[in-house]
Amino acid sequence: MTIRLFDTAAREVRDLNPITPGEVGIYLCGATVQAPPHVGHLRPAVAFDVLRRWLTRRGLKVTLIRNVTDIDDKVLAKSAAAGREWWAHAALYERVFSQAYDALGVLPPTYEPRATGSVPEMVALMERLVAKGHAYSTGAGNVWFDVHSWPAYGDLTRQKVEDLSPEDGSDVAPGSTAEAKRNPHDFALWKAPKPGEPESAAWDTPYGRGRPGWHLECSAMARRYLGETFDIHGGGLDLRFPHHENEQAQSRAAGYGFAQRWMHVAWVTQSGVKMSKSLGNGLLVSELLDQAPAPVVRYALAAVQYRSMLEWAPDTLDEARTTWERLSGFVTRASERVGAVPAEEVAKAELPPAFATAMDDDLNVPQALAVVHEHLRAGNTALADGADAAVRAELVTLRAMLDVLGLDPADAQWATSTDDRYATALDELVTAELKARAEARAAKDWATSDAIRDRLAAAGIEVQDSADGARWALS
């Protein structure tokens, strides 16, 4: 089946037809490294990690670029408040973001360029736009993109310039007279230093000394690492306007094909409100990792389809933890029963058609997880029956599907301990309960027998009676 992905610009699900057969180039807007990451930052990273893993599983060579914005207004303001050099502040939080990505099993990008490492490419793009009449300077260090020079401006978000309010997408605070822009919606390609900003946070250009605008850096880095035209550009839903709209306008005005498809990951919300630092409701990743193991946090982020809002509730981690323990518990018990399965076998295992169909359908992870749980139940039944061949088959299949989601419990990322005491204790306790139930049934004490069964069911354990006696499985 053809892989089909939603294109934000087209507002429809479209077949993925790579520009270069067998290869896919992806540019993902990464972090502005001003402060520690919250859960909203990690959702796009996890979603695109799942996309990358699935494309790779389908035999495609994936080049994934995830940038680091290490110079902008927020970085300068936060570093000054913290009493640090701006570059030291950015480096500190770049490491914190990297640690969060690693903790949640997000594969490293093919390249992770910093904005400050691509200044020559930005200047070249800016000069090209000025030469084509799409950009202009208003003084030493200030260069703006002229939105009226590009009739297609607004195509990504289907807006018209005349319908925008004066503040929409503006780089200048409302009421400011500091800049004589031709139009309120013209956006900054290059910014002159502000009073009090460090001298080191500026670079020389033909238009004066200054620093890059946020939008310019991504266009320059995408072209540098993926070429003039590439397959997919992505990020959080909040980046569609003005950031991605401006990126597309300046890149195409420069004569480049740029992104052929846009993919956006929906917000993480609390009580229907988007999580963000500015609103003060962002859950730090470090806080979540104190509350639950890393694979539980990843499961919570990955289990909802990437275009659906993820409502973060008090029981979100508890529900994810319960599911993860069922999955990892089966993998542990099955591996003890039939032996560990080599990672190479898992990577090459045939996936259930229903799972592949779900993933090909715009990464329908909830539907794919339904298939995972079908095989989990089959695997637990095989364990209870002592059917070792079936146990091994389900173990391989389950691990292969979870590997696509970055959640294979036997992967070295999560297999931090070989301690099997929990599984052993559970088996002994349940076996004792089933023995007591069998004795009650033999004595026709149906009330006690039913009470034991109900107690096990409440703990997530399903009792299955057969001619050979009772067996159990995690429900």
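# Questions on one chain

Trainee: Where is the place of His 148?
Mentor: Helices (DSSP runs of H or I, at least four residues) and strands (runs of E, at least two) are numbered from the N terminus. In that numbering, the place of His 148 is in the loop between strand 6 and strand 7.

Trainee: Which side chain does a polar contact join to that of His 148?
Mentor: This is a predicted model, in which local features need pLDDT of at least 70, side-chain atom pairs count only at pLDDT 80 or more, and totals for chains, interfaces and linings use all residues. Residues are numbered from 1 along each chain as its sequence is written, and side-chain values use heavy atoms, with hydrogens and water left out. A polar contact is a pair of N or O atoms within 3.5 Å; within protein, one must be able to donate a hydrogen and the other to accept it, and residues adjacent in sequence count only if both atoms are side-chain atoms. At 2.6 Å, the side chain of His 148 has such a contact with that of Asn 183.

Trainee: Which residues is His 148 in contact with, leaving aside its neighbours within four places in sequence?
Mentor: Contact means heavy atoms within 4.5 Å. His 185 is 37 residues from His 148 along the chain, and their C-alpha atoms are separated by 9.0 Å. With neighbours within four places set aside, the contacts of His 148 are Val 161 and Asn 183.

Trainee: How many residues does the chain have, and what percentage count as buried?
Mentor: The chain holds 15 helices and 17 strands, and its C-alpha atoms fill a box of roughly 95 × 50 × 40 Å along the principal axes. Buried means under 20% relative accessible area, exposed over 50%, and partly exposed in between (1.4 Å probe, protein chains only). The chain has 475 residues, and the buried part is 49%.

Trainee: Why do the buried residues of helix 4 line one face?
Mentor: The buried residues of helix 4 are Val 119, Met 122, Val 123, Leu 125, Met 126 and Leu 129. Seen down the helix axis, they fall within an arc of 165°, so they line one face of helix 4. The arc is that of the directions from the helix axis to the C-beta atoms. An α-helix has 3.6 residues a turn, so residues three or four places apart point the same way.

Trainee: Which exposed residues does the face of helix 4 turned away from its buried side carry?
Mentor: On its buried side, helix 4 packs against several elements, including strand 5 (135-139), helix 5 (214-226) and helix 6 (240-253). The face turned away from that side carries the exposed residues Pro 120 and Ala 131.

Trainee: At what angle do the axes of helix 4 and helix 5 cross?
Mentor: Axes are lines fitted to C-alpha atoms, for helices over the stretch in contact, and angles run from 0 to 180 degrees between N-to-C directions. Residues of helix 4 that meet helix 5 include Glu 121 and Met 122, and those they meet include Leu 216 and Arg 224. The two axes come within 9 Å and cross at roughly 105°. Angles of 65 to 115 degrees count as roughly perpendicular, under 35 as roughly parallel, over 145 as roughly antiparallel and the rest as oblique, which makes helix 4 to helix 5 roughly perpendicular.

Trainee: Which residues does Ala 254 touch, not counting those up to four places away in sequence?
Mentor: Ala 254 is found in the loop between helix 6 and strand 11 (258-259). With a relative accessible area of 0%, Ala 254 is buried. Not counting residues up to four places away, Ala 254 touches Leu 125, Arg 128, Leu 129 and Lys 132.

Trainee: How far does helix 12 reach from its first C-alpha to its last?
Mentor: The expected span of a helix is 1.5 Å times one less than its number of residues. Helix 12 (residues 365-385) has 21 residues, with 30 Å expected, and its reach is close to that, at 30 Å.

Trainee: Which residue caps the N-terminal end of helix 12?
Mentor: Helix 12 is followed by Gly 386, with a positive phi near 70°. At the N-terminal end, a side-chain oxygen lies 3.2 Å from the backbone nitrogen of Gln 367, and the capping residue is Asn 364.

Trainee: Which residue's backbone oxygen lies 2.9 Å from a polar atom of the side chain of Arg 399?
Mentor: Arg 399 is found in helix 13, and at 5% relative accessibility Arg 399 counts as buried. Its contacts beyond four places in sequence include Val 331 and Asp 408. The backbone oxygen 2.9 Å from a polar atom of its side chain belongs to Val 341.
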